[in-house]
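Me: I would like to learn how to read a ligand site and a few residues in a model. Please take the features one at a time.

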Amino acid sequence: MKKIVIANRGEIALRVMRTAKEMGIKTVAVFSEADRKALHVRYADEAICIGPPPSNQSYLLGDKIIEVAKQTGADAIHPGYGFLSENADFARKVKAAGLIFIGPSAESMETMGDKISAKQAVSNFNVPLVPGTKEALKDITVGKKIADEIGYPVLVKASAGGGGKGMRVVWKEEEFEESIKLAQSEALSAFSDDSVFIEKYVESPKHIEIQVLGDQHGNVVYLFERECSIQRRHQKLVEEAPSSCLTPEVRKKMGEAAVNVAKACNYYGAGTVEFLADEDLNFYFLEMNTRLQVEHPVTEQIVGLDLVKEQIRIARGETLGYTQEDLKIHGHAIELRVCAEDPMNNFLPDIGKLKSYKTPQGYGVRVDDSFEAGMEIPIQYDPMIAKLITFGKTREEAIQRMIRAIEDYKITGIETTLSFGTFVMKHPAFREGHFDTKFIEKYFEPEMFKTSNPELHEAAAYAAGSLFFQKESTKQAAGESKQQSSNWQLKRG
Ligand code: MV4
């Protein structure tokens, strides 16, 4: 492999190019007209404009990107995350053009891309699943019977859905028929596929995912877990590795289950197996993401592997060269997604120019970004400006370092999620590891930190803390039967 095309933009395009450079591989950037001055364009050995700003006229044009690879004499394509990264047809076309797709096979992507087929694929591989149906629901009467057996509340999910799209909670039988019909019509318009299935609804779960790596010779290992429960509308904001709540025994069981998921679809490359975990650490397979994920750096920091380098080595046909026993967790890493969003204003995207931009430095701090002072944040794409990653010997050290790094991060001109990061790091529930996917819904109140004064941040965190304990005790008294919020139906714009 001598030259690769990076079919992506932003921080991930740069991140892939850095590793390629270290491996002596030349890089070709593709870019839209909105990204003419982008850093990934400058960093690459060559760069080719592929169209106007909208992704469907640029970064999603698979055929055009394959053309670029041929034109420039590249021998492989790295898709990054998002865009074409989980598009099986694209992977197939890349291969048919005599190029290497740096990722899994089109078949693995297809099996895992559909939730029903994913569940069926793993069903003989000793992987725990949430009680529910393993086939698309056809008959309302049959569905009702199954829902009764499982017990309410149940969750209706679109088989083609992802990231929470096309999901609906059904609290009682009277709502069942209407919910199924709504979910089906939502799924049909969003994915042109109205297949839905039902599962027992796990309330307030933790979201824990396992990073796996497989080579093309049948070897698969797990690189431990990432805790990704701090999210809003299915958009993760804080991720960490390892999780503060797993025991070594559960970690091993989850890791082995993830390896079995990978084996069930003959997986090679880097992939992530998502699990839900309840309070008692019972865990259930949700889905597999067949790409490199945004939050992969926290795993890199604790295992000491460059995941892009591993992806490239695997794509070249090399063997992993290590076994599960060789892999150990070293220290703790936390990632904050620094997005151009205003936490005080419902996390709405904040557009504009970065008037000043200065990243934090020093031991245990990593910033993966793609901006400089004076640049505009393009509105056509994801509002993520950077990923701020800190690591330390212990979780406490990584948290303290994150608080310091956020303070040292100077961004003016736009609102960002940096202040939200401080709120999380100082929150007692986060510090004690008592949190789940409802963290923001339960504890976040923007008024609490309407200031950049660090002492008031502290006060806000204490206020949040006492509120937390207050809420917990009233909940226990009331028997906790909070209705689901409207977040389920909201889609990220
Ligand atoms: C669930 C669930 C509760 N019970 N499945 C959301 C996205 C998609 N990957 C699956 N999701 C969920 N599936 C059952 N049976 C709750 C969620 C869920 C969630 C999962 C992971 C991270 C954040 C979440 C936020 C809300 C709901």
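Predicted model: local features only at pLDDT ≥ 70, side-chain atom pairs only at ≥ 80, totals over all residues.

Me: Into which domains is the chain divided?
Reply: Domain bounds come from an automatic or database domain assignment. Here they give domain 1 (3-102), domain 2 (131-200) and domain 3 (206-470). The centres of domain 1 and domain 2, taken over C-alpha atoms, are 37 Å apart.

Me: Where does the ligand lie?
Reply: A residue is near a molecule if one of its heavy atoms lies within 4 Å of it. The ligand has 19 residues around it, and Lys157, Glu199, Lys200, Val202 and Glu287 come nearest. Because domain 2 and domain 3 both give residues to this shell, the ligand lies between them.

Me: Which polar atoms lie by the ligand's nitrogen atoms?
Reply: A polar contact is a pair of N or O atoms within 3.5 Å; within protein, one must be able to donate a hydrogen and the other to accept it, and residues adjacent in sequence count only if both atoms are side-chain atoms. A polar side-chain atom of Lys157 is 2.9 Å from a ligand nitrogen. The protein buries 93% of the 520 Å² that the ligand exposes when taken alone, with areas from the Shrake-Rupley method, a 1.4 Å probe being used.

Me: Is Arg337 buried or exposed?
Reply: Buried means under 20% relative accessible area, exposed over 50%, and partly exposed in between (1.4 Å probe, protein chains only). Arg337 has 8%, so it is buried. A polar atom of its side chain lies 3.4 Å from the backbone oxygen of Lys236. Contact means heavy atoms within 4.5 Å; leaving aside neighbours within four places in sequence, Arg337 is in contact with residues including Glu239, Glu295 and Thr417.

Me: How does Asp194 count on that scale?
Reply: Asp194 has a relative accessibility of 37%, so it counts as partly exposed. Leaving aside neighbours within four places in sequence, Asp194 is in contact with Gln184, Ala187 and Leu188.

Notes. Residues numbered from 1 in each chain as written. Heavy atoms only, no water.
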